[in-house]
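Open the structure in your viewer and keep the selection tool at hand. The stops below say what to pick next and what is there.

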Amino acid sequence: MARIFCVANQKGGVGKTTTTVNLAAGLAKVGQRVLLVDLDPQGNATMGSNLDKRDLDPSVYDVLLEECGVKEARRTAEKCGYDVLGANRELAGAEVELVTQDRREKRLKLALAKVKNDYDFILIDCPPALSLLTLNGLCAAHGVIVPMQCEYFALEGLTDLVNTIRQVHANLNPQLKIIGLLRVMFDPRITLQQQVSDQLKDHFGDKVFNTVIPRNVRLAEAPSYGLPGVVFDPSAKGSKAFVEFAQEMVDRLKQPA
Ligand code: ADP
Ligand code: MG
């Protein structure tokens, strides 16, 4: 049965999509069956998985509105080795359309229940906001992976996310927890980054993943070829780090919680 993880951080540009597509590709590489769910109307994870967001019909939008199931809406990203439930701009409308509907924050959870035996991992790429879409991700998930840059305000930005996760845990999804914080775009030559990384470990201990994702230009170039870095250039430092991270996730799940 699939383990379901949200990749979330309410800040934009922190590496959520890069983490989601590369972790998906890394998990596929180590033999896991993966579904990636794009919950961001920008559709970056969809495009970054070699699928054209303009010809998705149906998409995750139709699934959230219960117009179809995941089985009809998912696509296989053949070059990447995983399946995708894709998104495009249409998804922005779901936010408004769902407001008046029943079970509005549980739509994704209910839809994924029907495919959970098809996968080992389901990874959800969240939009940069603590919105109803993100809430659907958090309600569906067993845990949250938080990518973060080791910058001065990093810890402060975490407070809102941690509070939201607490509230979801208390009111909507008792199984939800933070699986870990992933240091991304890391540059060890920058003293401040090293200091913030140390602070993170002091504060959060085991919740900080061992793997560190370096700043690496190949990871930034890959989306313009419509591929995760792990597929575009497997030999790049950043790609190797993501495969290592995938293995760390697999190993972590073998340990008792
Ligand atoms: P988010 O989904 O949180 O908005 P993205 O994953 O789209 O963030 O990343 C923001 C930008 O940073 C993108 O241009 C991406 O290519 C780049 N980027 C992400 N991770 C790395 C990395 N490890 N090294 C270099 N560039 C990166
Ligand atoms: Mg994104």
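Select methionine 185, which sits in strand S7. This is a predicted model. Look at the backbone here: methionine 185 has a positive phi of about 50°, although it is not a glycine. Is methionine 185 buried or exposed? It counts as buried, because 22 C-beta neighbours lie inside 10 Å and the cut-off for buried is 20 or more.

Next, pick arginine 103, in the loop between helix H5 (91-98) and helix H6 (107-113). Arginine 103 also is not a glycine, and it has a positive phi of about 45°. Its surroundings can be counted: 11 C-beta neighbours lie inside 10 Å, so arginine 103 counts as exposed. The limit for exposed is 12 or fewer.

**Around strand S4**

Select strand S4 (residues 82-85) together with strand S2 (residues 34-38). The two run parallel and are joined by three bridges. Find leucine 36, whose bridge partner in S4 is valine 84. Then find valine 37, which has leucine 85 as its bridge partner in S4.

Look at the side chains of S4. In a regular strand, side chains alternate between the two faces of the sheet. Tyr82 and Val84 point one way from S4. Asp83 and Leu85 point the other way, and all of these residues are buried.

S3 and S4 run antiparallel, with three bridges between them. Their hairpin has four residues between the strands. Click on glycine 81 in that hairpin: it takes a positive phi near 90°.

Stay in strand S3 and pick arginine 75. Which residue of S4 is the bridge partner of arginine 75? It is valine 84. Arginine 75 touches Leu51, Asp83, Val84 and Gly86, leaving aside residues up to four places away in sequence. It is partly exposed, because 17 other C-beta atoms lie within 10 Å. Now draw a distance from arginine 75 to alanine 170. The two are 95 residues apart along the chain, and their C-alpha atoms are separated by 34 Å.

**A cis peptide bond**

Go to proline 58, in the loop between helix H2 (44-47) and helix H3 (60-64). Zoom in on the peptide bond from aspartate 57 to proline 58: this bond is cis, with omega near 10°.

**Helix H7**

Pick leucine 132, which lies in H7. Leucine 132 touches Glu95, Leu98, Arg104 and Glu105, again leaving aside residues up to four places away in sequence. With 16 other C-beta atoms within 10 Å, leucine 132 is partly exposed. Draw one more distance, from leucine 132 to glutamate 156. They are 24 residues apart along the chain, and 23 Å separates their C-alpha atoms.

**Helix H1**

Select helix H1 (residues 16-29). At 1.5 Å a residue, its 14 residues should span 20 Å. The C-alpha atoms at its ends are 20 Å apart, which agrees. How many of the residues of H1 are buried? The count is 14 of 14, and the helix is mostly covered. Just after H1, click on glycine 31, which takes a positive phi of about 90°.

**The ligand**

Finish at ligand 1. Show the 18 residues around it. Gly15, Lys16, Thr17, Thr18 and Ala220 come nearest. H1, strand S7 (177-186) and helix H10 (217-221) each supply at least two residues of this shell. H1 gives the largest share, three residues. Colour the shell by class to see eight nonpolar, eight polar and two charged residues.

Terms used: Residues numbered from 1 in each chain as written. Chains lettered and ligands numbered in written order. Predicted model: local features only at pLDDT ≥ 70, side-chain atom pairs only at ≥ 80, totals over all residues. Expected span 1.5 Å × (residues − 1). Pairing = 2+ DSSP bridges. Near = placed C-beta within 6 Å. Nonpolar A, V, L, I, M, F, W, Y, C, P; charged D, E, K, R; others polar. Contact = placed C-beta atoms within 7 Å.
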